[in-house]
Amino acid sequence: MSAQTATGHAAHGAADSRRWWALAVIAVAQLMIVLDITIVNIALPSAQKDLGISDANRQWVITAYTLAFGGLLLLGGRLGDLFGRKRVFTVGLLGFALASAIGGGASGPTMLFAARALQGAFGALLAPSALGLLSTTFSDPRERSTAFGIFGAIAGGGAAIGLLLGGLLTEYLNWRWCLFVNTPIAIATAFAAYYVLTRDHIAKGRRVRLDLPGALLGCGGLLAIVFGMSEAVSRGWVDWLVLGSLALGAALLAVFVLVEKRTEHALLPLHIVGERNRGGAALSVGLAMVGMFGLFLFLTYYLQEIKHFSPVMSGVSFLPMTAAIVISSTGFAARLMTRIPSRNLIGPGLLLAAAGMAWLTQMKVDSPWAGMVLPAELLLGFGMGLVFMPSMSLATLGVAPNEAGAASATINSAQQVGGSFGTALLNTIAASATASFLVARAGSGPEVQAQGAVHGYVVATWVAMGILLLAALIAFLMINHRPAPGEATGASGGSAAGAGAADEEAGARVKAAGAPTPGERQRAS
């Protein structure tokens with residue numbers, strides 16, 4: 001063996017071991033992002049009392065984060081494509097650490113709101129860069145399925161872990177630790193990222209111009225829509241501010257599409273969402289998040305307000321669903337995605353989740369947790385584990401490397417907008433159903449109030465079930481990806497790598513015309 005060949009093998013071996021460390025770094029960052037969406041929920045009552053936040057303004061602890069995160073995702077994804085995902089990922093981690101420290105040390109409401117918005121902004125840099133790095137780091141089909149299985153399990157189960165961790169930190173330490181805990185984790189992860197992630201810095205002379213009109217229109221449209229949905233929780237859907245925000249968001253996004261069609265270096269190349277598998281995956285995940293975020297909200301209130309669980313016990317009660325997501329995603333979906341068509345995982349997964357929702361429609365005030373909530377959680381967990389992992393993989397499959405960030409931002413935007421819409425829509429439906437129930441019954445004692453609240457949860461759960469059934473139908477009709485020959489065995493090692501590189505190179509040339517890459521044509525056939 002020549003010295004050059006030996007050196008090549010040694011470098012390849014080092015890269016092989018390093019990419020699994022890269023997966024650990026990416027997974028920790030993704031977990032931190034997902035945790036932060038729910039960890040503050042349980043801490044909110046304590047923070048409100050400590051800082052003197054009014055009932056009218058307390059929603060901004062959540063809304064400030066979701067607004068910045070959801071509104072800036074497209075820009076964050078494109079910045080990763082233009083300046084290198086490793087660099088943007090590291091900056092996002094360090095910024096997230098700083099914002100978390102500011103929030104934990106907040107001396108008043110305004111400081112906390114600003115810190116949460118800053119967290120969301122840096123989260124918008126992190127999330128698409130994490131998924132883009134995962135896509136470009138793992139190209140071998142079997143390794144890709146394992147990596148995306150872990151990533152999908154975190155995306156699906158992290159919210160439940162956030163509820164548990166938030167309860168533990170709030171009950172045994174202080175609400176501020178729900179924010180402080182991010183700082184050492186993010187700093188350590190940033191240092192690890194510097195050493196284990198592959199350098200993908202793009203020289204200044206090779207960078208394309210940032211699509212500023214697209215950034216303003218796209219981010220502005222998403223901001224307006226997420227803001228309108230968030231305000232609908234407290235104002236209702238017919239309020240002028242809610243309707244105006246939603247209309248403005250829709251108008252900005254419509255103009256955004258027109259501008260992107262005529263822009264050479266678009267913020268979001270439209271062929272990314274126009275391809276049926278990526279579009280179907282984004283729609284399926286977005287609709288799934290409508291139901292899932294509503295479920296977390298209702299079950300948290302049901303367990304604490306109706307069943308009188310402590311914050312810690314409420315978090316513990318979500319662990320079976322988290323375990324089911326992990327088992328389903330890594331144990332089943334990761335093994336099957338290289339063997340069967342993607343819709344045969346995503347569609348049945350959504351039907352299983354809908355069955356879990358159907359089980360919860362039988363919920364009563366005195367329903368036992370083990371007999372009512374636990375079976376529903378297991379059905380939802382196993383179902384969503386089959387959905388998240390293949391959907392995340394499809395979101396970046398066949399995308400040219402210089403567009404992976406934009407593709408990642410698309411699936412993340414679908415999750416965020418779906419979660420915001422689900423929280424607002426289902427909360428409004430539940431509140432209206434509860435009010436109607438109480439008006440129709442004489443008396444307003446604690447028992448009637450509890451019955452009314454549960455009735456509202458049940459009505460909203462019926463709606464969530466219908467949305468999951470619609471998502472399943474979309475998945476079956478739109479997604480037609482089939483694994484390429486040899487994916488199940490990981491055959492053709494080196495030649496596969498060469499073919500993959502050729503596929504990416506060809507893809508980069510034809511993407512501008514909106515044509516499918518060679519790999520996409522093979523998979524769709």
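Me: Okay, I'm taking buried as under 20% relative accessible area, exposed as over 50% and partly exposed as in between (1.4 Å probe, protein chains only). Is phenylalanine 382 buried, exposed or partly exposed?

Reply: Phenylalanine 382 is partly exposed, because its relative accessible area is 32%. One caveat on where this comes from: it's a predicted model, with local features needing pLDDT of at least 70 and side-chain atom pairs counted only at pLDDT 80 or more, while totals for chains, interfaces and linings use all residues. Residues are numbered from 1 along each chain as its sequence is written, and side-chain values use heavy atoms, with hydrogens and water left out.

Me: Fine. Which helix is phenylalanine 382 in?

Reply: Phenylalanine 382 sits in helix H15. Helices here are DSSP runs of H or I with at least four residues, strands are runs of E with at least two, and the numbering starts at the N terminus.

Me: How many helices and strands does the protein have?

Reply: The count is 19 helices and zero strands.

Me: And what's H15 like, end to end?

Reply: H15 has 28 residues, and its first and last C-alpha atoms are 39 Å apart, close to the 40 Å expected at 1.5 Å a residue. That expected span is 1.5 Å times one less than the number of residues. H15 is mostly covered, with 20 of its 28 residues buried. Just after H15, glycine 398 has a positive phi of about 80°.

Me: Back to phenylalanine 382. Which nonpolar surface patch is it part of?

Reply: The one formed by Ile327, Phe332, Leu336, Leu352, Leu378 and Phe382, with about 460 Å² of accessible area together. Helix H13 (319-336) and helix H15 (369-396) are the elements that give two or more residues to the patch, and H13 gives the most, with three. Patch members have over 30% relative accessible area and no salt bridge, with nonpolar side chains (Val, Leu, Ile, Met, Phe, Trp, Tyr) joined within 5 Å and like charges within 9 Å. Areas come from the Shrake-Rupley method with a 1.4 Å probe, and for residues only the protein chains shown count as cover.

Me: Switching topic. How many salt bridges does the structure hold?

Reply: One, where that means a side-chain nitrogen of Lys or Arg within 4 Å of a carboxyl oxygen of Asp or Glu. Arginine 176 and aspartate 50 make it, at 3.5 Å from N to O. The pair links distant parts of the chain, 126 residues apart: arginine 176 is in the loop between helix H5 (141-172) and helix H6 (177-180), and aspartate 50 is in helix H1 (residues 3-51).

Me: Why would two side chains like that pair up?

Reply: In general, side chains of opposite charge can pair when their charged atoms come close. As for cover, aspartate 50 is partly exposed because its relative accessible area is 44%.

Me: What does the side chain of arginine 116 reach?

Reply: The backbone oxygen of valine 61, at 2.8 Å. That's a polar contact: N or O atoms within 3.5 Å, where within protein one must be able to donate a hydrogen and the other to accept it, and residues adjacent in sequence count only if both atoms are side-chain atoms. Arginine 116 lies in helix H4 (residues 109-137) and is buried because its relative accessible area is 1%. Leaving aside neighbours within four places in sequence, its contacts (heavy atoms within 4.5 Å) include Asp36, Tyr65 and Leu179.

Me: And what does glycine 167 touch?

Reply: Ile42, Pro311 and Val312, not counting residues up to four places away in sequence. Glycine 167 is in H5 and is buried because its relative accessible area is 0%. Its C-alpha is 7.8 Å from that of serine 314, 147 residues apart along the chain.
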